[in-house]
Amino acid sequence: MITQQMPAMVKVADKDVHSPEFATLYVNQAIDFKPGQFVMVWIPGVDEKPYTISHHSPERFGITVEAKGLFSKKAVSLGPGDKIGIRGPFGNGFNMGLGHQRVAVVAGGCGMAPLAPLVEAFQTGNGPEILLIQGARSKSFLLYPDRFAAKAEICTDDGSKGYKGFVTDILVQKIKDLSANSAPGFDMVYACGPEIMMAKVFDICEAHGIPCQVSLERYMRCGFGVCGACVCGHAVVCKDGPVFGSKMLRTMADFNTRALLKTGQPVPLNEYATWRCQ
Amino acid sequence: MRINFLGKTLHTPLVLASGVLGNNKAILERVWENGCGLPTMKSIGPAPREGHKNPTVIDLGNGLINAVGLPSPGYLNMEEEWQELSDRAFPITASIYGGSVDEFVRVAEFVSAKGPDFIELNISCPNSDQHGMVFGVNAHSSHDVVAAVKKVIQVPLIAKLTPAAPDIAAIAKACEDAGADAICAINTAGPGMVIDIESRSPVLAFKKGGLSGPMIKPIAVRCVYDIFRSVSIPIIGLGGISTGKDAIEIIMAGATLVGIGTAVRYRGITVFDKVNKEINDWLAAHDTSMEEIRGAAHREAL
């Protein structure tokens, strides 16, 4: 059984290779889960890292890994039968609210991974109308292209698919369109992607009086709010987050400005990102 | 429940244990606002240090095992944090570590000038082979490091001790004789180890790690009890304190202040307010006071 305590060693049941950069590893185990939560994934002898659950059903879940560093390259090389340790789930997850009529989901690159189960959860039953805005560097970095029934607006930095430009351009346009047509606006905007993108989404939402929720990333150790490695201002990302709403974002000093290196030293986000991509 | 500690007035008798959360000003302040009278910063070392690879902290249900491994930007790389802390409204303890007496002295002298309210010498961390515990298990080396640091700092000195010492009361006495102003006990116990039997691998990347939380509370109570009999300086008692009754127990063993660390895992950051309330409720229900119960377990039973 997977718990927040000792890692449970589980077999990788199968793997989807999405592109040279992305793969999803599936585990045939039940896990208690809310969209936006994450698990700590342990490869003995290598390292342990936090990954959001990107696929979930009652008897199975998956994590999507982007091959970037030592750990993630090892993780995408794993296949059926290989064992990994899992503890979790951790974090708060997205607040899906009650009675939302229309929501926007804004994803940048691998930021699609935590948002995908949210979109699927909204798509069941009497969910809200969903506008999915998905962006990436180029076409091959667009995760899960055929996964959702929801209407999707696609954009890429290089124009290899969809609109050439940023997800935030589309978000602004859609807010204006709804307003021009006197249609009800978005009840909530959910976003995950590069922090600068999420900060832009937050600014846009603030300017239009729309509440939003974003999912942050920081270097983590314990996963349950004790070690302090992932603090962002006064917020403990692994425990208070990783999802933060507008109210918290307004007072979170280090949002879109600073993050801690493994030593605990605060550095500007671009320096942090450079270290994380090594 | 204000309390005077080495000349400073604290708004509660609760201390945030070093190594828990204390990574920036904002979180130290949040802990203070939630009822912690004295937050402790993460241990500051002589050079930049990343700590160990993950897994570094595992919850065993009745406590944690950890080998985070003393990550630190290094004492020379914290100007931004000291700047931010300079206008703080709350007291802080700066925890420091070194790999030699000279390193302790160098870090302590520099940090003292940055204006923390107290300096805590971490001579008790089990998670590095070169730092910490190697000093705290020996009375002579404990004396030497405390005496050397005491000469170069302007703020009260707290010695943080390890339960791995064969005679922790003797270590405490050596620290007091060397000029320590207070004792903080205990650091994590062990070290211990957990092995995943499926992968046949120790779970922590450092393989061994310090134990904390409810599972070590009896060790902490015994250590504070022993130390109280050997020194006359105040004791910060910690190790598995999660509730007001736990706090009362370690105060009866001899603690003046009570530290909380792992309980943040089980009761959240608001654990400080909760424990303060539980202490007050217990004291009121028993029509007594902190001063009256301190060291009460040492008095002859009626």
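Reader: Where is Pro242(A) found?

Author: In this predicted model, Pro242(A) sits in the loop between helix 5 (237-240) and strand 17 (243-245) of chain A.

Reader: What makes the peptide bond from Gly241(A) to Pro242(A) worth a look, and is it cis or trans?

Author: The bond is cis, with omega near 10 degrees. Most peptide bonds are trans. Chain B has a cis peptide bond too, joining Asn54(B) and Pro55(B), with omega about -5 degrees. Pro55(B) lies in the loop between strand 4 (38-39) and strand 5 of chain B.

Reader: What makes Arg200(B) stand out, and is its phi positive or negative?

Author: Phi of Arg200(B) is near 55 degrees, a positive value, and the residue is not a glycine. Most residues other than glycine have a negative phi. You can find Arg200(B) in the loop between strand 12 and strand 13 of chain B.

Reader: How do you know that Glu195(A) and Arg218(A) meet in a salt bridge?

Author: Their side chains come to 2.7 Å, N to O. The cut-off is 4 Å between a side-chain nitrogen of Lys or Arg and a carboxyl oxygen of Asp or Glu, so the pair qualifies. The pair links distant parts of the chain, 23 residues apart: Glu195(A) is in helix 4 (residues 195-208) of chain A, and Arg218(A) is in the loop between strand 14 (212-215) and strand 15 (231-232) of chain A. Over all chains, the structure holds 28 salt bridges.

Reader: How many salt bridges are there between chain B and chain A?

Author: The count between these two chains is 4. For Arg258(A) and Glu84(B), the side chains meet at 3.0 Å, N to O. That value is within 4 Å, so this pair is called a salt bridge as well. Across the interface of chain B and chain A there are also 16 residue pairs in polar contact, both residues being at pLDDT 80 or more.

Reader: Which parts of chain B supply the side that touches chain A?

Author: Helix 1 (25-33), strand 5 (57-59), helix 2 (79-85), strand 12 (195-196), strand 13 (201-202) and helix 9 of chain B each give at least two residues to that side. By class, the residues there divide into 18 nonpolar, 12 polar and 11 charged.

Reader: How do you know that chain B and chain A are in contact?

Author: Contact asks for heavy atoms within 4.5 Å, and 41 residues of chain B are in contact with 39 residues of chain A. Together the two chains bury about 3300 Å², 55% of it on carbon and sulfur atoms.

Reader: What makes up the lining of the largest cavity?

Author: The lining has 40 residues, and Ser18(B), Gly19(B), Val20(B), Asn66(B) and Thr188(B) lie nearest the centre. Strand 6 (64-66), strand 8 (118-122), strand 16 (257-260) and helix 9 (263-267) of chain B each supply at least two lining residues. The classes are 19 nonpolar, 18 polar and 3 charged.

Reader: Which residues lie nearest the centre of the second largest cavity?

Author: They are Asn23(B), Lys42(B), Pro73(B), Met78(B) and Glu81(B), out of 13 lining residues. That lining has 5 nonpolar, 6 polar and 2 charged residues. Lysine and glutamate count as charged, so Lys42(B) and Glu81(B) belong to that class.

How values were computed
Residues numbered from 1 in each chain as written. Chains lettered and ligands numbered in written order. Predicted model: local features only at pLDDT ≥ 70, side-chain atom pairs only at ≥ 80, totals over all residues. Heavy atoms only, no water. 1 Å grid on protein atoms, 1.4 Å probe; cavity = no way out; pocket = protein on both sides within 12 Å on 5 of 7 lines; lining within 4 Å. Helix = DSSP H or I, 4+ residues; strand = E, 2+ residues; numbered from the N terminus. Buried area = accessible area lost by both parts, 1.4 Å probe. Polar contact = N/O pair within 3.5 Å; in protein donor to acceptor, adjacent residues only side chain to side chain.
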